[in-house]
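Student: Could you take me through a structure, one feature at a time?

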Amino acid sequence: MAYVIGVDVGGTFTDAVLDDDSGNLVAAKAPSTPPDYSQGVMDVLAVLAENLGEPLEQMLAKTHHIAHGTTSSLNALVMGNVPPVGFVTTQGHRDSIFIMNVEGRYLGSSPDQLQNVLGQTKGHTLIPKRHAVEVVERLDRDGTVVVPLDEDSVRAAVGSLLAQGIRSIAVSLLWSFKNPAHEQRIRELVHELDPDVFVALSSEVSPRIREFSRSSTTIMSAQIGPGLRSYLGTLEERLRADGLTGPLLVMQSNGGAIAAGEAPRTAISTVGSVLTGGVVGAVSLGQQLGHRNIISTDVGGTTFLVGLVVDGEPVRTSTTVINHHPINVPTLQVHAIGSGGGAIAWIDAGGNLRVGPRSAQSVPGPACYGAGGTEPTNTDANLVLGILPESGLLGGRKALDVAAAREAIRVKIAEPLKLSIEDAAAAIYAIQNAQTGDLLRKTVVEAGHDPREFVLYAFGGAGPAYCASYAAEVGVHEVVVPLGPVASAFSAYGLASSDIVLAREVSDPGQMPLPAAQVQRHFDELEAALAADLDRQGLRYNRVEYVRSIDLRYTSQLAEVSVTVPEGALDDDAISTVATDFERRYAELFGEGTGFSAAGIQAITFRVRATGILPFNPQLPKLADATGPDPAEAQHTVRKVCLDARHGYVDTPVYDYRALRHGHVITGPAVIEVPTTTVVVPPGRSGTVDHLGNLTITTETRS
């Protein structure tokens with residue numbers, strides 16, 4: 001028997017799920033431990049082993065692999081907690097990273113920020129100018145050498161960076177995605193001067209046209225690469241010392257894993273790793289439940305995350321934005337706001353109550369944790385409202401102090417707004433539901449989808465307490481709360497369900513219709529490189545699947561639309577079909593009649609995604625049947641709970657999830673206590689326990 005373990009490191013808690021490949025799943029949760037998140041990983045693995053009933057060393061020895069999602073890369077970039085990085089580029093083009101192609105003025109800005117033209121700035125540059133240097137070389141648009149690489153200029157430029165204490169260097173030369181030879185030689189020269197310096201090449205990290213986005217992607221990868229290498233190296237050493245023989249895998253933004261030893265080379269691919277686990281888990285559970293259109297929502301301790309699954313496939317994108325800079329990373333599209341259980345409630349300058357985006361995280365945590373936190377959070381409000389038990393979280397292992405929660409709300413919210421503590425807590429709860437509903441509306445409705453055609457999945461430690469309310473905000477009729485053995489560790493379940501997914505791309509702009517032989521050559525070369533990449537992961541696959549795509553645009557436009565390309569040998573008819581599919585997809589995205597065929601169509605970037613299917617497919621075990629729909633045997637208490645300030649505190653039945661069975665129907669208002677989360681069934685709605693132990697809440701919609 002071999003185990004697969006998924007570990008999801010969040011800002012507040014670290015979750016783990018183990019699958020034994022025989023239909024058994026075991027979950028665990030432990031506080032995260034910033035800044036050394038590896039300790040939190042070891043802590044949760046120890047809890048997992050305890051829940052499994054085995055010594056840690058024995059559990060790890062039987063583990064086929066660990067799939068790990070980490071926030072460390074994303075947090076480092078967002079907070080600017082990165083080391084100084086050097087930037088090497090072609091002579092005459094150093095300032096491109098500071099000019100930022102104008103995009104730096106608006107990318108990632110909110111609508112109100114965009115309207116404030118005078119307030120826009122380019123002060124958010126990635127590196128100081130003294131860390132950007134130029135070398136003598138030049139390629140033309142076809143990758144032909146026009147000016148050979150002057151190696152003396154490289155030694156001088158790199159030497160100046162090393163003299164400033166730079167230990168990580170990003171290299172991005174003009175047209176290097178067409179010919180990487182000069183970049184590869186620069187790396188060799190850097191390592192001749194100092195073999196320990198981290199080097200990121202744009203031809204490996206982002207071989208895509210457009211100078212600014214390619215350079216910014218490479219610089220950010222160089223910023224997080226050394227830290228990721230150190231963190232994963234330390235973690236892997238600790239795991240090996242405790243008996244792990246299988247590989248440590250790291251989740252990527254594209255929804256698949258990669259070997260830990262490979263991850264730092266293209267470190268930027270891991271920035272969204274912890275965000276995508278829940279979407280991957282939703283796809284897996286959706287296959288078991290027969291759901292193909294899913295809104296995946298995850299409310300953890302720090303963030304509220306939303307991703308979409310449409311017709312059985314997660315929605316993907318080829319570019320994202322971090323700190324006003326475009327990042328060329330194929331990723332599952334996940335929207336996030338700082339609105340988790342630890343989101344801090346506060347009053348703005350206008351006297352308005354706000355919730356988030358700042359979070360109490362795990363240190364010091366919400367006021368009710370009794371660890372020094374004094375700011376009121378969503379968790380504190382839920383405790384005051386009776387949603388959370390005063391006996392504590394994690395089955396009583398995490399004590400909660402209701403007096404501290406009340407005091408934080410009184411001082412920071414209630415008295416300034418002249419409200420009672422209870423009304424202030426209810427207001428915090430209402431605002432959380434409203435702003436999470438707003439993000440759902442942006443993610444689903446503004447993308448052109450009808451929420452009524454989707455099932456909403458709600459997970460994370462805090463998600464089940466809010467899901468019925470934020471689903472009603474957008475008119476979703478059915479909510480599934482994945483419970484059973486995974487409960488709030490659903491993202492970790494997604495990590496355990498993940499396969500190895502790698503992607504390669506190359507830009508080669510050309511006017512459609514392109515010669516079929518040229519397109520075939522690009523895909524053959526990309527697939528051959530991916531086959532070698534898959535071999536380096538050190539795993540055996542049941543099979544390997546390749547998905548081809550081309551980014552196309554109407555001539556003279558800037559933005560592209562990705563179109564899938566059929567498998568097998570390509571001919572002129574297949575290329576013509578690709579162009580037709582592009583026009584159809586363009587009309588779907590932007591409206592009928594918005595295309596302009598007369599301008600012509602250009603192919604820009606060729607991409608292949610390879611999935612190595614692993615011999616594991618975690619399935620939720622079946623739950624025993626109830627003797628009837630009445631869940632009275634699972635009710636263990638009644639307590640006063642306030643879910644709406646207009647109705648105040650209401651005597652509410654509280655159920656022990658462990659006593660629920662398949663077929664039980666719970667009528668709201670009700671609270672269901674799970675060792676790692678709490679589910680709220682509001683008045684007028686009901687929840688039914690399905691054959692896998694999940695709770696399906698049917699929700700009313702707002703007129």
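Student: What kind of model is it, and how are the residues numbered?

Tutor: This is a predicted model, in which local features need pLDDT of at least 70, side-chain atom pairs count only at pLDDT 80 or more, and totals for chains, interfaces and linings use all residues. Residues are numbered from 1 along each chain as its sequence is written, and side-chain values use heavy atoms, with hydrogens and water left out.

Student: Let us begin with helix packing. How do α12 and α13 cross?

Tutor: Two packed helices are described by the angle between their axes and the distance between the axes. The axes of α12 (residues 402-417) and α13 (residues 421-445) cross at roughly 80° and come within 9 Å. That makes α12 roughly perpendicular to α13, a label for angles of 65 to 115 degrees. Axes here are lines fitted to C-alpha atoms, for helices over the stretch in contact, and angles run from 0 to 180 degrees between N-to-C directions. Helices (H or I, at least four residues) and strands (E, at least two) are DSSP runs, numbered from the N terminus.

Student: Which residues make that contact?

Tutor: From α12 they are Arg-406, Ile-409, Arg-410, Ile-413 and Ala-414, and from α13 they are Ile-421, Glu-422, Ala-424, Ala-425 and Ile-428. Contact means heavy atoms within 4.5 Å.

Student: And α14, how many of its residues are buried?

Tutor: In α14 (residues 463-473), 10 of the 11 residues are buried, so the helix is largely enclosed by the rest of the structure. Buried means under 20% relative accessible area, exposed over 50%, and partly exposed in between (1.4 Å probe, protein chains only). Among the buried residues are Tyr-466, Cys-467 and Tyr-470. Just after α14, Gly-475 takes a positive phi of about 85°.

Student: What about Gln-537, buried or exposed?

Tutor: Gln-537 is buried, with a relative accessible area of 3%. This residue is found in the loop between α16 (516-536) and β26 (543-554). Leaving aside neighbours within four places in sequence, Gln-537 is in contact with Ile-258, Ala-259, Glu-262, Ile-500 and Leu-502.

Student: New topic: how many salt bridges does a search of the whole structure find?

Tutor: The search finds 39 salt bridges, each defined as a side-chain nitrogen of Lys or Arg within 4 Å of a carboxyl oxygen of Asp or Glu. Side chains of opposite charge can pair when their charged atoms come close.

Student: Which strands hold Asp-551 and Arg-607?

Tutor: The side chains of Asp-551 and Arg-607 meet in a salt bridge (2.8 Å, N to O). The pair links distant parts of the chain, with Asp-551 in strand β26 and Arg-607 in strand β28 (residues 601-613), 56 residues apart. Asp-551 is buried at a relative accessible area of 2%, and Arg-607 also counts as buried, at 8%.

Student: What is the phi of Arg-210?

Tutor: Arg-210 has a positive phi of about 95° although it is not a glycine. Its place is the loop between α8 (202-205) and α9 (211-241), and Arg-210 is partly exposed at 28% relative accessible area.

Student: Last one: which residues make the nonpolar surface patch of about 270 Å²?

Tutor: Val-102, Tyr-106 and Leu-114 make that patch. Patches are made of residues with over 30% relative accessible area and no salt bridge: like charges are joined within 9 Å, and nonpolar side chains (Val, Leu, Ile, Met, Phe, Trp, Tyr) within 5 Å. Accessible areas come from the Shrake-Rupley method with a 1.4 Å probe, and for residues only the protein chains shown count as cover. Tyr-106 counts as partly exposed at 40% relative accessibility and lies in the loop between α4 (96-99) and α5 (111-115).

Conventions:
Angles under 35 degrees count as roughly parallel, over 145 as roughly antiparallel, 65 to 115 as roughly perpendicular and the rest as oblique.
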